[in-house]
There are 4 protein chains.
Amino acid sequence: MNNTIGNSIKMTLFGESHGKYIGAVVDGLPAGIPVNEEEIAKALAARRPQGDISTARREADEFTVASGVFRGYTCGTPLCVLIPNADVKSSDYSPMIARPGHADFTSRVRNAGFEDFRGGGHFSGRITAAAVAACSVITSALEAKGVVVGTHILSIANVSDKPFSGGADEIKSLKNDPFPLLDREREGEMKDAIASAKRDGDSVGGVLESAVCGVPAGIGDPWFATVEGALSYALFSIPAIKGVEFGRGFDLASMRGSEANDPFEIKDGKTITVTNNCGGVLGGMTTGSPVVFRTAVKPTPTIAKEQRTVDLDRNEETVAAARGRHDPCIVHRAASVVNAMTSFVVADMLTKYFGEEYLRS
Amino acid sequence: MNNTIGNSIKMTLFGESHGKYIGAVVDGLPAGIPVNEEEIAKALAARRPQGDISTARREADEFTVASGVFRGYTCGTPLCVLIPNADVKSSDYSPMIARPGHADFTSRVRNAGFEDFRGGGHFSGRITAAAVAACSVITSALEAKGVVVGTHILSIANVSDKPFSGGADEIKSLKNDPFPLLDREREGEMKDAIASAKRDGDSVGGVLESAVCGVPAGIGDPWFATVEGALSYALFSIPAIKGVEFGRGFDLASMRGSEANDPFEIKDGKTITVTNNCGGVLGGMTTGSPVVFRTAVKPTPTIAKEQRTVDLDRNEETVAAARGRHDPCIVHRAASVVNAMTSFVVADMLTKYFGEEYLRS
Amino acid sequence: MNNTIGNSIKMTLFGESHGKYIGAVVDGLPAGIPVNEEEIAKALAARRPQGDISTARREADEFTVASGVFRGYTCGTPLCVLIPNADVKSSDYSPMIARPGHADFTSRVRNAGFEDFRGGGHFSGRITAAAVAACSVITSALEAKGVVVGTHILSIANVSDKPFSGGADEIKSLKNDPFPLLDREREGEMKDAIASAKRDGDSVGGVLESAVCGVPAGIGDPWFATVEGALSYALFSIPAIKGVEFGRGFDLASMRGSEANDPFEIKDGKTITVTNNCGGVLGGMTTGSPVVFRTAVKPTPTIAKEQRTVDLDRNEETVAAARGRHDPCIVHRAASVVNAMTSFVVADMLTKYFGEEYLRS
Amino acid sequence: MNNTIGNSIKMTLFGESHGKYIGAVVDGLPAGIPVNEEEIAKALAARRPQGDISTARREADEFTVASGVFRGYTCGTPLCVLIPNADVKSSDYSPMIARPGHADFTSRVRNAGFEDFRGGGHFSGRITAAAVAACSVITSALEAKGVVVGTHILSIANVSDKPFSGGADEIKSLKNDPFPLLDREREGEMKDAIASAKRDGDSVGGVLESAVCGVPAGIGDPWFATVEGALSYALFSIPAIKGVEFGRGFDLASMRGSEANDPFEIKDGKTITVTNNCGGVLGGMTTGSPVVFRTAVKPTPTIAKEQRTVDLDRNEETVAAARGRHDPCIVHRAASVVNAMTSFVVADMLTKYFGEEYLRS
C-alpha cells in the first residue's frame, strides 16, 4: 500500500490510530516559509470533535515539528509533523467483526491478516489530523501568495447552506471554522439533523463546497494532470468522499451547450469568463476564475444500530453494533481535510509551474 | 504541459488535431500480450463519428503500430500507435476567437501564443482516438485475465437508460457498441434529443455509467492512490467530463448510515457485500464487487449558435458561431474513451500489485 | 520493462532495430523553443557510423517530427521524433545464439521468448539515434540559456587526449564533431588502435570526458536526486557504459582531504572554488563551476573472433563469431549519446528548479 | 530540495544534525515482514563511530519505530523510524565559514540563508543513520528471499583488501562488521593509515566493493532504470561517493572485446556467464551472477589543517580549521550506508517486477 502524494512537493502520511504516532512528512518545500505552531494548532482545532455532534474521543492533538524548521522558517528539508496517539481504548473495537462501510474487510484482505486493526488502524479518520497539521503550513504560504482555499458545508442530511457567491473574502471568512457555513442561520437545523440521527443510533452525510481563489490562468495539464483530476485524486483519498464535481458538475449533463458554456468578456483589459459554470477549469487548466467544486461525503459508517456483517476471524455471519465512541456526522470535520488536501494539490501544481522557490514568501 | 499517465505502465498522448500525426506510446507492457490490429480497428470504429448525430469530419483513423509488437505479440518494449491526420480543414477554425467552453483561451495563456490552435490542437477530442487505439490492447489483455470494463449511456439530455443490474455479461454486451445502451428502446428518444439540439444550433450532454468486473478484493491504496482517485484522475482528462461519482455517489449525502452501508454476508465461503452502494470500493480498495461509477459529460461546447466571446489576438469582445463540422453530442463517443482510460488505470493498478508480468496471458 | 526518464520533462524511447520505426517522445517542453530540423540532422550525423572505423550499416536517419512543433517552435505538446528503419538485414543476426557481452540472453529471460531479437531489437545501439535527435532540441535550448554541454574522447584503447582545461568555448568547439578531441594530434593514433583491433576481428573501448558549463550554483537535491546520481542514472542506460566518476573520481580515494578539498575564494564578488576536484558538485548540488565527469565505455561486444556461448533455443553450448556489420569501436559515437542524455538531465533539473517555462528562450 | 527515493517502495529521509529528530519513512512495504528491533540496533552499531579512528561524537542512536509495525511485523503502512538527536554541540561549527569539500556553500545558495547550518544540518553524514536503520528491515526481508547484500573495504588510502572471490557466504560474513574486510590481515595497516592522517590533521579516502547475490536473471530495465543506473542514483546520494563502476568498470576501457566479454556456458541446465567482467549486468538487466560494483569514497572534508575558504556571512576570504569532532576516515562507516541504499534499490526493483507482496516472507 502506498501513502505518498505529489510531484514537486510530496507528502507521506504514516501511523495507525492506536499506534505510537501518526504523522506526515512533506518533502520539497522551499526554505523560507514561515512556520507558526499556533497556526498549526488552530487548524487542528477546527478538525477536532465538536461537543455533542461528534465522537467522545478526546484528541489533544499535541504535535511536534520533528524536522524541517529552523528559527521559525522552513529550512529546505522535509517538514515532519508528529502527533502522538493518546486517549486510546483499543477494546472499543473488536478485531474480527468487519464494520459495514469501513475498510476493515478490504484491509484484512490486502494485508493478509497483518493489519493493525485497532481503531481502524491506518484507515481511521484520525490519520487526517496529520495531513491537516502539515498542510496548514502550505495553506498559509499560499495565502501569502494571494491564493486562498476554503470550504463550507453545502448540505448535511437535507439541510442546505447557500452556495458560494463572492470571492476571496467570503472564502477567507471560513478559515478554521469548525462548522463552516455561509449562512449561519442553517447551523441549528443542521445540528438538529445530526442529533436526530444520533438518537436513532444512526448517522448522516452531506456535501461540501470548496473554492480556490487567486490561481492565475493557465495552470494544469491537459493529459493527464488536469486541475480536476489532480484535485479529485487527492480528495477521494479522504475517507467517506464518494463523488467530486466541478462547476455545475452533474447538472451540466442536462443543460444545453448554449447554457453551459461560459461566455468570455474583457474586464480591466483581461479576458475572463462571464459566468463560471466550468468551475474555473477549461481544458484541464485554470481560467483565472475561482476553482469551485463539490464533494459528496457519505454518512459515517460506524453506527450504533445493528447491521448484518461477517466475523472475519471465524468466517461466519454475525451482527455489528458500535458500542465505542463515534461520530454521527463527519461532514463538518471533513471540511478541514478537504482544505488541507486542496492546498497541497494547488501548491504542488503552482510549484511545478513556477519553480521550486514559488512558496517562499 | 505534461501528457503522461501511469506508474507501472505509462502512457503518453501526443499530436495535434491538424498536425502530422496523433499517437500514443504505452510503456511498461510485458512481452507476450496478443496484439490484433482488427481489434484496434473495431475500438476506433466505435469512437468514430456516427451519421447524423455527429460531426461531418470523416476520420479514417488508419493507424500504424510503429513499435512494440513482434510476430503478433507485445515484445516488452513501448507500444507506439500512430494515426496520421487526414481530412483536415484548418480554415474551419479561426485562430483568434476563443470558443466558449473550450480550451482555446487557457491554452493561449499557457502556451504564450505558440500553441497549435488549428482544430483545437492538442485539446481536440481527436487526441482521444490515440488513447482508444492503444488502450484497446490493454482491454483485451484484461479480458483474458477475467477483468471486464464497460460503459453505457445512462442519460443524454434528460432521456435515461436503465442502470447496471447484472454482471460481466451485461458489461461485455456493450463492447464496441457506438451507442451503448442497456435498454435499446431508449435509442430513438435519445437520438431525437440530439437531433433537436442540432436543429437549434445547440448541443446536449449526458451521464455515462461504467463498471469494472473481475478485479479481486484488496486492490488500491488508501493514501493516495485510491481506486476512486486513480480512476478520477484519468477520467477528468477526457474533454467534457466535469463530475465523477462512485456507487450511489452524491445520493449518499442524503442517506443515513444504516441505508448507505453495504452489509457483509458470506457466499460460497467468501465475504461479499450484500448491496453495492459503495461502488465496489471501501477504504480506497476494491471489495471484489464490480467497481461502478458515473461521469458527467457536459454538452459539446462548439455550437452554431452565437455566443459572446473575445478575439484573443485583437483583445476585443466579439461573437462566435461555429461554421465548421462539430458534434451536437459527444456522450456516446466519450464512452469509448472512458473505457480506454478505465482499462489503463485498472491494468496499471493490477500490474503494480501483481507484478510486471501480470498482463501476459 | 520501462523506457521513460525524467520528472519535469519526460522522455520515452521506443522502437526495435529492425521494426518499423524507432523514436522518442519528449513530454513537458514549454511552448516557444525553436526547432530547427537542420540542427537535428547535424546531431544525427555526428552519431552516424564513420568510414572505416565503424559498422558498414548505412543509417540514413531520415526523421520526421511527428508532433509538438508548430511554425518552427515547440507548441507545448509532446515532441515526437520518428526515424524509420532502413537498410535492415535481419539475416545478419541469428536469433538463438547469445552474443557474449550483449543483452541477448538477459532480454530472452526477461521477455520470455517474445523479444524482437532481430539486430538486437530494443537493445541495439540504434535506439540511441532517437535520443540524439530529440535531445538536440534541448541542447540548443540550453545553449540559448548559456548552458553548454560537451564531450571529448579522453582515451581509446590506451591512447589519451588531454583533459578539459578551459571553459565554455572549449566545450562548444566539440559540438557535432564525429570524433571529438581536444588535441587533434591524437586522432591518428586512436584510429590506428581501432583499425588494429578490427584487423584482429576484435574491438576496443575507451573513456569519455564530459563537461557542463553555465549551470548556476545550488541546483540538485541531496537525497536523492543529486547531480551525480541523476546524471549517472541516465548515463548507465547508454549501452556499454560501465563506470561514471565525477571530478577526480576514483583518484580521490587515494588522496588526502587537504589535497582533495577545493578551497573557496572570492572572485568578482562571488564565492567560487579555486580548483574543481569535486567536479562541480558538493552535497549533490552544483557549485557553479563546470560539472565534469568521465564515463567508461566497454569495448563493443560484437566481434568477429570466435567466442564461447550458448544457443538459447537449443539450450546447448556453441561458438559465436559475428559475420554481420559491426563497430570495432563505439567510443566516439557514444559521445553524441552522452551529450544527449546529459542535456536531458540538466534541462530536467533546471526546469524543476526554475519552473516549466525555463527552456523557453 | 527533494529527499525521496523509489518507485514501488519509497523512502524519505528527514531531519537535521542538530534538530529534534532525524528519521526515515519507508512507504510501500507489504504487511508481514518481521521487524526485529535488535537487528536494527545491530545495523546502527556497525555504522557508529569506532574508537580512535572516528569522531568523538557519541551517537547513542536510540531509535523509535513510530509507525508501520504491529505485533512484530510490518502492517502494510509506512514504516517510520525516528532517532532523536543527542550529544549535540552546536558551537563546534561556525555558521559563516564554508568548509571546503562540504555542502555549506551550496546549501547556503540553495536555501537562501534559511538553512539549518548547525553540524552540517541535513547534509551531515548523521542523516545516513536513519537510512541504515530503516533499510535494515529491508535487508533482512531480502535475506529471507535468498538475496544477500554486502560490502567490504577494497582500499583505504593505498592499502588494499583482496577482491570478492566467493559467493553468498563470503558476502554474509561481512554483515554488521564495523570494519568489513575479506582479508583481516589488512586491518592494522589500514588503521595505521587512518591514524597517520589524523595525526597530520588530515583525512583519507578509499574504495568500497559491494556485491548482491541471489537476484534472478532479467531484472532491470533498459531505458532507463538499468540496474547500474538505479544503484548509482542511490549511491551518489551518500555523502563522499564520487565514482561508481560495475564489474571491471574503468578497466574495461583499455581491454579488448575478446577479453572483456563474458562467455556463456551451461551449468546445471542453466545459461550463465563463465566470468563476471560485466558485474552481473547486461543490457541493464541482471545476468543471474552477483551484481558487483565499486564506489569511490573521497577523504572526509572536515580536517584540522588550515584551508583557504570564504566567510559566507561577511563575503570575505578567510581560513578554516576544524576544531570540532570529526572523522579522519569514513570509508568503513560508509559501508553500512552503501549496503542500506543497495538493499533499498534491489528491493524496489524486485517489488516492481514480482509485485507488491514480494518482500513478505
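A crossing of two helices is called left-handed if the near helix is turned anticlockwise from the far one by less than a right angle, and right-handed if clockwise. That term comes back below. The structure here is a predicted model, in which local features need pLDDT of at least 70, side-chain atom pairs count only at pLDDT 80 or more, and totals for chains, interfaces and linings use all residues. Residues are numbered from 1 along each chain as its sequence is written, while chains are lettered from A and ligands numbered from 1 in the order in which they are written.

Helix packing comes up in two chains. Two packed helices are described by the angle between their axes and the distance between the axes. Axes here are lines fitted to C-alpha atoms, for helices over the stretch in contact, with angles running from 0 to 180 degrees between N-to-C directions. Helices (H or I, at least four residues) and strands (E, at least two) are DSSP runs, numbered from the N terminus.

In chain C, helix 3 (residues 128-144) packs on helix 8 (residues 331-354) of chain C at an angle of about 50 degrees, and the two axes are 8 Å apart. Helix 3 and helix 8 of chain C are therefore oblique to each other; angles under 35 degrees count as roughly parallel, over 145 as roughly antiparallel, 65 to 115 as roughly perpendicular and the rest as oblique. The crossing of helix 3 and helix 8 of chain C is left-handed. Residues are in contact if their C-beta atoms, placed from the backbone, lie within 7 Å. Helix 3 of chain C touches helix 8 of chain C through residues including C:Ala131, C:Cys135 and C:Leu142, and helix 8 answers with, among them, C:Val337, C:Met341 and C:Phe344. Sorted by class, this contact has 12 nonpolar, five polar and no charged residues. Ala, Val, Leu, Ile, Met, Phe, Trp, Tyr, Cys and Pro count as nonpolar, Asp, Glu, Lys and Arg as charged, and the others, Gly among them, as polar.

Helix 6 of chain A brings A:Ala230, A:Leu231, A:Ala234 and A:Leu235 to the contact, and helix 8 of chain A brings residues including A:Val338 and A:Phe344. The contact of helix 6 with helix 8 of chain A divides into nine nonpolar, one polar and no charged residues.

Next come chains A and B. The same surface serves both copies, as 100% of the contact residues of chain B recur in chain A. In this interface, 89 residues of chain B are in contact with 89 residues of chain A. Helix 6 (residues 227-235) of chain B gives the most to its side, with six residues. The side of chain B that touches chain A has 43 nonpolar, 32 polar and 14 charged residues.

Strand 11 (residues 241-246) of chain A and strand 11 (residues 241-246) of chain B pair in the antiparallel sense over three bridges, and A:Gly243 stands opposite B:Glu245. Within chain A, five bridges join strand 11 to strand 16 (residues 291-297), again antiparallel, with A:Val244 partnered by A:Thr295.

Finally, chain D meets chain B. Chain D can be laid on chain B by a turn of 180 degrees and a shift of 0.0 Å along the axis, with an RMSD of 0.0 Å. The two copies are thus related as by a two-fold rotation axis. Of the residues of chain D, D:Gly355 comes closest to that axis, at 1.8 Å (C-alpha).

How values were computed. Least-squares fit on C-alpha atoms with pLDDT ≥ 70 in both. Contact = placed C-beta atoms within 7 Å. Pairing = 2+ DSSP bridges.
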